[in-house]
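I opened my notebook to go through one structure step by step. Here is what I looked up, in the order I looked.

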Amino acid sequence: MTDADITTATADWHAWQESWDRQQEWYLPDREERFRIMLDMVEALVGTAPRVLDLACGTGSITARLLARFPDATSTGVDLDPALLAIAEGTFAGDERVRLVTADLKDPDWPAELPYDSYDAVLTATALHWLHREPLADLYGRVAGLVRAGGVFMNADHMIDETTPRINAAERTQRHARMDQAKRDGILDWAEWWQLAAKDPVLAEPTARRYEIYGEHADGDMPSARWHARVLREKGFGEARPVWCSPSDTLLLAVK
């Protein structure tokens, strides 16, 4: 099924998940690699049956890969986006291993909405860059309160080192050249994907609500990996450092 065909299959949540993955991979060609390393470190540090909090879960990309690799895992997905949560709810309907929670991560009371007080692992990817530094640091403090002793937090996201402007510019130029070629080959970008969702009979209403919440796209900060590691240690984690990186992104791991 192509992206253009999705509007004729309103209940095909698998097709929507695949379409979301293709759109995200346009921006992040190494997306699956970061997920693999993330789950490698989950296994190494907390085992193969973890209780996981999928933070800013979106459609449940992390949760889907978690459960495919670790069938005995459980996942709580938390997000505010009604359209992406609708896809997640359709995808995981009937799976007792998955709980989905609607909550605003900028609300200091959002952990009260969760079904558990502690988690073995809190995982997130390509989501928290829409927060500015101060609310992100506050969020890290709340995450530290949810991770059990010996548990882990991992964030895979854009982390920009402002001390290397020439390297950053070269990476950006190369990445955009690749993206431009993929666009010519017909890949949907962010805006086009959301236009498609807005035409779907099932997703039209939640898509309208998500635009009321976020507008076109939220803009936050993209501090360096060093900043993230320092703040996570300040907020209660014992260790924090990158365990994977690309020219633009970093997977940062913190252990409680």
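Entry 1. Does W194 count as buried or exposed? I noted first that this is a predicted model. Then I looked up the relative accessibility of W194, which is 1%. Buried means under 20%, so W194 counts as buried.

Entry 2. I found that the structure holds 12 aromatic pairs. I began with F153 and F237. Their ring centres are 6.3 Å apart and their planes stand at 35 degrees, so I wrote this pair down as tilted. F153 belongs to strand 5, residues 147–158, while F237 is in the loop between helix 9 (225–234) and strand 6 (239–245). The pair therefore ties together parts that are 84 residues apart in sequence. I checked burial too: both F153 and F237 are buried.

Entry 3. I went back to W194 and took its pair with Y211. Here the ring centres are 6.1 Å apart and the planes meet at 80 degrees. Planes over 60 degrees apart count as edge-to-face, so this pair is edge-to-face. W194 sits in helix 7 (residues 190–199), and Y211 sits in helix 8 (residues 204–214). The pair ties together parts that are 17 residues apart in sequence. Y211 has a relative accessible area of 26%, so I listed Y211 as partly exposed.

Entry 4. Which residues do ring pairs link into a cluster with W194 and Y211? I wrote down W16, W20, W190 and W193. I then looked up R210. R210 lies over the face of W194, 4.1 Å from the ring centre. The charged end of R210 also sits over the ring of Y211, at 5.1 Å from its centre.

Entry 5. I turned to the strands. Strand 2 (residues 74–79) and strand 3 (residues 98–102) run parallel, and 5 bridges join them. I picked out V78, which stands opposite V101 in strand 3. What do strand 2, helix 4 and strand 3 make? They make a right-handed β-α-β unit, with helix 4 covering residues 82–91.

Entry 6. My last stop was Y116. I found Y116 in the loop between strand 3 and strand 4 (119–125). Its relative accessibility is 30%, so Y116 counts as partly exposed. Which residues does Y116 touch, leaving out those up to four places away in sequence? I noted R51 and T76. Y116 and T76 are 40 residues apart along the chain, and their C-alpha atoms are separated by 8.8 Å.

Notes
Residues numbered from 1 in each chain as written. Predicted model: local features only at pLDDT ≥ 70, side-chain atom pairs only at ≥ 80, totals over all residues. Heavy atoms only, no water. Pairing = 2+ DSSP bridges. Helix = DSSP H or I, 4+ residues; strand = E, 2+ residues; numbered from the N terminus. Right-handed = clockwise from strand over helix to strand, strands pointing away. Buried < 20%, exposed > 50% of the residue type's maximum accessible area, 1.4 Å probe, protein only. Contact = heavy atoms within 4.5 Å. Phe/Tyr/Trp six-rings, centres within 6.5 Å; stacked < 30°, edge-to-face > 60°. Lys NZ or Arg CZ within 6 Å of the ring centre and 35° of its normal.
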